[in-house]
Amino acid sequence: MFLLMKETFWKNWAETVYFQPHKVVYPTSIAEVCQIVKQAKKENQQIRVIGAGHSFTPIAASPGYLISLDNLTGIISIDEEQQTAVVLAGTRLYDLSKQLAEQGFSQENLGDINTQSLAGATLTGTHGTGIQFGNLATQVVELKMVNADGDVITVNAQSEVPLQAAAISLGLLGIVVEMAIRIIPAPTYRFESRKIHFLHLLQDMKQLIAENRHFECFMFPYSEIVQIKTMNLSEQVPLSVRKHRLKALVVENYAYQLLSETARFIPRTTRWISRLSAKAIGSSVIHAKNYDLFATARNVRFREMEYSIPLEKLSEALIAIRTKMEREGYHVHFPIEIRMAKGDDLWLSTAYARDSAYIAIHMYKGMPYEKYFQDMDALLQAYEARPHWGKMHNMNLTQLHRVYPKLEAFLNIREQLDPSGIFLNAYFAKLLETNNKENRTKLQKSIFAEV
Ligand SMILES: Cc1cc2nc3c(=O)[nH]c(=O)nc-3n(C[C@H](O)[C@H](O)[C@H](O)COP(=O)(O)OP(=O)(O)OC[C@H]3O[C@@H](n4cnc5c(N)ncnc54)[C@H](O)[C@@H]3O)c2cc1C
């Protein structure tokens with residue numbers, strides 16, 4: 001029988017969201033998930049699932065039932081010929097990487113941490129970097145979901161519910177309990193980190209993106225120095241990354257925490273701290289297995305916004321950001337992270353129908369972020385920016401409709417599958433105006449009229 005706890009306080013990783021669900025449940029089987037949905041329906045309670053709580057907004061917050069799939073984890077099967085794995089949705093990405101590696105496989109791409117649950121990361125469109133690769137949801141070939149009636153449905157390329165709607169569905173269509181994902185034979189990579197001048201980045205950007213399997217960079221505020229990281233296939237014998245990890249833990253976490261606290265207490269030191277951090281970047285090359293390289297420890301807490309823009313607009317947007325930062329002099333020392341993904345056909349994907357560049361804006365926890373975030377949000381909207389669903393943003397439904405052309409189609413499916421809104425919470429009801437179809441239709445018409 002599932003474990004049930006009452007009235008526990010919950011907070012997310014960034015400590016920006018606190019809530020108290022009516023009940024917290026830990027099902028141990030798919031049948032129990034069905035039972036919980038039926039029970040919640042009887043009690044007229046709403047349900048949200050919590051993954052690892054690594055989203056920056058209240059998307060997982062529930063006033064009713066909060067379901068954790070921490071007891072529904074692990075790989076069910078691997079099809080070596082088809083190169084797919086069936087995985088229980090609560091599996092954490094670090095466990096998935098380890099278990100796949102034991103069988104000689106891996107995911108083709110991952111983000112920069114691996115603490116998320118597979119479902120939480122996938123359903124919000126979590127991405128890594130590399131222009132040949134889509135976000136994590138593009139790896140999904142089939143999923144099993146418990147719907148609002150408490151029944152299990154299968155979603156794949158042939159199903160009535162389109163996979164393109166369900167793969168990034170934010171927990172709004174049902175509770176995803178199982179996923180079949182594409183996997184690849186685990187490669188060894190050559191990872192390299194080095195610094196270059198911002199002007200060289202602009203000059204070589206196209207080449208760096210096209211010629212590296214995985215490429216990302218970090219632009220330090222008020223500095224000309226940019227850190228670039230690349231990962232490419234390697235034939236060399238993989239080495240242990242223990243030393244590399246220890247250094248990253250000390251430099252990027254303990255030392256950075258100290259500097260960040262200094263910035264918080266004495267905000268005028270932020271420029272100096274940013275420049276010092278940029279200068280401190282050394283060059284390193286490592287050959288290792290992929291699960292050792294994608295993820296880094298992130299112990300320094302921050303707030304984050306991240307937007308995707310069309311890839312071809314990246315250089316122009318970066319110049320505009322730097323100009324704005326110089327003019328406004330924000331107190332910020334966290335670097336801006338820049339990544340890429342291939343265009344896809346998933347309706348709520350930040351890379352829907354376009355190759356995309358991602359620009360992530362961070363602020364250390366406890367430092368004022370509002371003006372910086374508002375200005376960057378406004379600036380990036382001029383570049384057809386689409387917000388990451390798990391991160392902070394200031395966009396309203398009209399703005400979301402403009403950049404997500406399939407949003408209305410998604411909302412219609414949501415309404416069909418969950419007419420009583422059992423999977424909604426206050427955050428989504430407000431953001432997506434789910435109680436106001438009339439207004440949504442008007443909005444949609446006026447947006448089409450503009451085009
Ligand atoms: C330090 C840090 C680093 C990050 N790095 C990256 C990165 O590199 N790339 C990137 O794109 N994003 C990144 N993110 C964002 C993060 O990947 C997403 O917010 C992701 O959703 C978090 O996964 P989670 O398991 O914590 O899900 P949660 O935040 O707990 O939940 C996310 C959403 O999914 C729903 N959900 C979870 N499980 C299920 C389920 N089984 N069925 C239905 N709905 C479900 C929840 O209700 C919620 O709406 C980062 C976040 C942090 C804090």
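**View 1. Where domain 1 and domain 2 touch.** Seven residues of domain 1 are in contact with six residues of domain 2, where contact means that the C-beta atoms of two residues, placed from the backbone, lie within 7 Å. On the side of domain 1 that touches domain 2, there are four nonpolar, one polar and two charged residues. Here Ala, Val, Leu, Ile, Met, Phe, Trp, Tyr, Cys and Pro count as nonpolar, Asp, Glu, Lys and Arg as charged, and the others, Gly among them, as polar. Domain 1 spans 188–387 and domain 2 spans 397–450; these bounds come from an automatic or database domain assignment. A note for every view: this is a predicted model, in which local features need pLDDT of at least 70 and side-chain atom pairs count only at pLDDT 80 or more, while totals for chains, interfaces and linings use all residues. Residues are numbered from 1 along each chain as its sequence is written.

**View 2. The shell around the ligand.** Look for Gly51, Gly111, Gly120, Gly171 and Gly390, which come nearest of the 33 residues around the ligand; a residue is near a molecule or strand if its C-beta atom, placed from the backbone, lies within 6 Å of it. Strand S5 (47–50), helix H3 (118–123) and strand S12 (175–182) each supply at least two residues of this shell, and H3 gives the largest share, four residues. Helices (H or I, at least four residues) and strands (E, at least two) are DSSP runs, numbered from the N terminus. By class, the shell has 16 nonpolar, 14 polar and three charged residues.

View 3. Strand S8 (residues 84–88) is joined to S12 by five bridges, and Ala85 has Ile181 in S12 as its bridge partner. Axes are lines fitted to C-alpha atoms, for helices over the stretch in contact, and angles run from 0 to 180 degrees between N-to-C directions.

**View 4. An eight-strand sheet.** The order of this open sheet is S17-S14-S16-S15-S19-S20-S18-S21, again with antiparallel pairing. At its edges, strand S17 (284–289) and strand S21 (386–387) each pair on one side only. Strand S18 (residues 302–310) pairs with S21 over two bridges, and you can find Ser308 opposite Arg386 in S21.

**View 5. Helices H9 and H10 packed together.** Helix H9 (residues 314–328) packs on helix H10 (residues 370–381) at an angle of about 150°, with the axes 11 Å apart. Ala317, Ala320, Ile321, Lys324 and Glu328 in H9 meet Asp375, Met376, Leu379 and Leu380 in H10. This contact has six nonpolar, no polar and three charged residues.

Key:
Pairing = 2+ DSSP bridges.
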